[in-house]
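Me: I've been looking at this structure and I'd like a close look at just one part of it. Could you walk me through it slowly?

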Amino acid sequence: MIQSRGDGHVHLADYRAPAWRVSLAELEFELDPAATVVAARLHLSPDADQPGQPLELDGEGLELLSISVDGQSLPAGRFVYDGHRLTVHGLSGDCELATRVRIHPENNTRLEGLYRSGSLLLTQCEAQGFRRITFMADRPDVMPRWRIVLRANREAFPVLLANGNPLASQDLGDGRHEATWENPHPTPAYLFAIAAGPLERVSRQLRTAEGRDVEINVWAEPSDVPRCQYALGAVERALRWDEKRFGRCYDLDVFNVVAAQDFTMGAMENKGLNIFNARYILADEATATDADFLAIESVVAHEYLHNWSGNRVTLRDWFQLSLKEGLTVFRDTEFSADLHSRALKRIEVVRLLRARQFAEDAGALAHPVRPARYKEISNFYTLTIYEKGAEIIRVLHTLVGEETFRAGMDRYFAENDGKAATLEDFIDAHAQASGRDLSGFARWYAQAGTPTVSIAADFDEASGDYTLTIDQATPPTPGQPDKQPLVIPLRYVLYDAQGAVISAAPEADAPVRDGLVELSQARHVLRWRGLRGKPLPAFNQGFAAPVKLQFDYGVDELARLARLERDAFNRWDLIQQLASEALLGDADAEAATGALSDALADLLADAGADPAFVAECLALPDFDTLAEQVAEVDVQGLVGRREELLDRLAEDQVERLQSRYESLAAAAREGLSGQAMSARALRNACLSWLTRLDPEARLARAQFDAGGTMTERIVALRCLLHFRAPGAESALAAFREAHATDPLVTDKWIGLVATRPHPEALDDVRGLMASTWWKPANPNRVRALVGSLARSNPLAFHRRDGGGYQLVASQVAALDPVNPQVAARLLGAFESWRRWASPQRDQAREALVSLQGRLQSPDGRDLLERLLD
Ligand code: PHE
Ligand code: ZN
């Protein structure tokens, strides 16, 4: 993209259609880890509206071996390559540009472009990695069809995969072989992929609803293949679900998925050849937790679902990123909700939103879901683009309803198939299908910050009139001091004194239907006339509005509502509110603690409640969520109060915890059924609470020794380590040895060490960094050790001597030249530093300032600048 304003930013407003189109890209790879030669033939045509422009192609650090046009070698004066961009002059009309370049996969530690992971050669191209492979207009609105030939030594690289359908393969006689692939769908370069190496697979044949026979393969290194079965099933479930819920069928003859141990992100939706971080593929009960299984299913679905939301309809430019990511997260969460429990999925998503996305939206890195400008697009793969983007789609879904939403999606896919679309195209399709003016709704994409909806109630005893005054406001964010009101669908319910729902509709200055009011102004008023007594209101059922809601409930009211509410999500949320009140409330903290304890007692005694739901209620708001609710964060104080509350609650509930722990033992043994997972979830929650009360940690030790599933072993080990029980060290050693050759399970114990809730965990992290377990080139390992310290261990990261900040900052500096994206993500842990109480605030600033001038990558520099701005 052209950075034309000289301010180092790419601007949405500067978008220009490409001057040259590429109709077909023909690539030939001579694969070799040390030096791979890529021969490319691009079939080019000038844009009729922009004739006479030079051809400009992206190419990052390529060694140019030859260049020709229409078979004629190009003289030196006709082209310039400056290491980033290739400019060719004097072209007119359709032509074929042929280049040969040499690249070095083995030296590629950034894991962008073509790189080596163990014995595999893999690619990662989103967002701008393709230009590290060969010359190309590396922008999503250039969408050639592709023909890819891979050649390699057969012994080292017996399997050769690329996008699309396999066309032919042959032996080349000299120990090498070749495979030809064809991708007939117009596809931007960011979706290009190849994978080569000693891969083996699990496989399944199926026929799509349109009658196409498809082979699904999940590939991994041979020893990992038995652990691919679950992911294979997940692909099939996703494929069937998209057929049923969205009417979208798969469109190639094969769907390949590859697991990679070295991968910067979670997974990648390359056309017909998804490449995954192995942690989102490999699973069996001995090595993966129930949470891992669910995460695998949802990430597999996410990538599969991109085939329509992202690939068939792609992006005009990177400002539209949420058009594929927000939409696909919406789709994958609906998939999980349809297959499992809708309420539990919603709880999981809202926890993530409140703990992380709200903090992002309130911190130094806040940005709109569609930013107006960026310096480095890699820094925009954020919770805001993904999770808030999905919430905005959910807002639309709530506004128009499932049926109309589906009609809007059908229209969007039909009108934009094979094209590079914008958020306007998406909103237009839904506006047409629903007959609604969605221009107000569109503001969600432009405005950063989490809106607050504050509601005040007034009841007039004499008349029985009940008035709710609803105000919305969005706080200022970097570069956006003033905010406009948003379109917010707010659900509400009124309960009468008997606990019955009051069904009368209010008088309102906004559209109201079935317990839902559409807010669009800074203030709205709802009024009920002549009620018999003061009602008790509940709001935002299912968290349909992604906002911070404020209503001044008394503790008794929260407790009463937690029993009355029909909506399971809200019952959970009311218990979270009681906990927040117990932790952060002034006058009523003690009352809230009592009410919370009573509510939990009821839940634990309720044999009819879903055990996994009860477990969610036992899991109090985490540190990040609480930190989001206070003006200034006193880290040690907050963690200390939370621990105290947990101790007190555990004491109150000890018998009920023991009895649930025992009574669920049999159900917990039933494999991967929803019931068994649910039983394990509550047993593990009980175990964690019970271990607080037992310095010997007998139960945890017994659960660890009993073997069982990884879900049971890892929680037992966490209890032993985090409560520093006797025998913790020997349990850790046993676990470590048992899984020493498995990097994913190794990441698990390393994560436990790094998150021990104690300032000294920082020293353990330092110790591990000096050991052979430290693998700075492996993103999963960096996240397990440094990422979990920075994001999930407040006591160690915010250690009073500033050592946590220094360690993370020094790792950012060390990793910046190795893998800038991984380094930049670590910097994100400082996003809220301005709200940390001193001395932390000053120490954090110091750590950040110490990085100035030490980061070379645009990724790191961009973030550091915004953090210190
Ligand atoms: N597009 C991938 C996904 O969400 C994420 C990703 C982004 C992977 C950038 C690699 C690089 O599905
Ligand atoms: Zn995605």
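Predicted model: local features only at pLDDT ≥ 70, side-chain atom pairs only at ≥ 80, totals over all residues.

Reply: Residues are numbered from 1 along each chain as its sequence is written, while chains are lettered from A and ligands numbered from 1 in the order in which they are written. The protein averages a pLDDT of 98, and 100% of the residues score at least 70; pLDDT is the predictor's confidence in each residue, from 0 to 100. For the complex, the predictor gives an ipTM of 0.99 and a pTM of 0.99.

Now your strand. A strand is a DSSP run of E at least two residues long, a helix is a run of H or I of at least four, and both are numbered from the N terminus.

Next, the partners. Strands count as paired if DSSP finds at least two bridges between them. Strand β25 (residues 452-460) pairs with β26 in the antiparallel sense, over 9 bridges. In that pairing, V453 has Q472 of β26 as its bridge partner. β25 and β26 make a hairpin with 4 residues between them, and G464 in the turn has a positive phi of about 75°.

β26 also pairs with strand β31 (residues 523-528), antiparallel again, over 6 bridges. Here L468 stands opposite L526, and the bridge partner of I470 is H524. β31 pairs with strand β28 (residues 507-508) too, in the antiparallel sense and over 2 bridges. There, A508 has L526 as its bridge partner, and L526 is also what L468 stands opposite.

An unreviewed UniProt entry lists residues 449-551 as "domain: Peptidase M1 alanyl aminopeptidase Ig-like fold". UniProt positions are in the numbering used here, feature names are shortened, and annotations may be inferred rather than shown by experiment. This span is 0% helix and 47% strand, with its end C-alpha atoms 20 Å apart.

D514 sits in the loop between β29 (512-513) and β30 (516-519), and its phi is positive, about 35°, although it is not a glycine. N540 lies in the loop between β32 (536-539) and β33 (548-551), and its phi is near 60°, also positive in a residue other than glycine. D514 is exposed, with 7 other C-beta atoms within 10 Å, but N540 counts as buried, with 22 C-beta neighbours inside 10 Å.

One helix to find is α5 (residues 383-400): its 18 residues reach 25 Å from first C-alpha to last, close to the 26 Å expected at 1.5 Å a residue. (The expected span is 1.5 Å times one less than the number of residues.) α5 is mostly covered, with 16 of its 18 residues buried. Just after α5, G401 takes a positive phi of about 85°.

There's another sheet to compare with yours. It is an open one of 5 strands in the order β17-β18-β19-β21-β20, with mixed pairing. β17 (200-207) and β20 (267-268) stand at its edges with a single partner strand each, so one side of each has no neighbour in the sheet. Strands β18 (residues 213-220) and β19 (residues 254-260) run parallel, joined by 5 bridges. In β19, V258 is the bridge partner of W219.

Definitions and conventions:
Buried ≥ 20, exposed ≤ 12 C-beta atoms within 10 Å, placed from the backbone.
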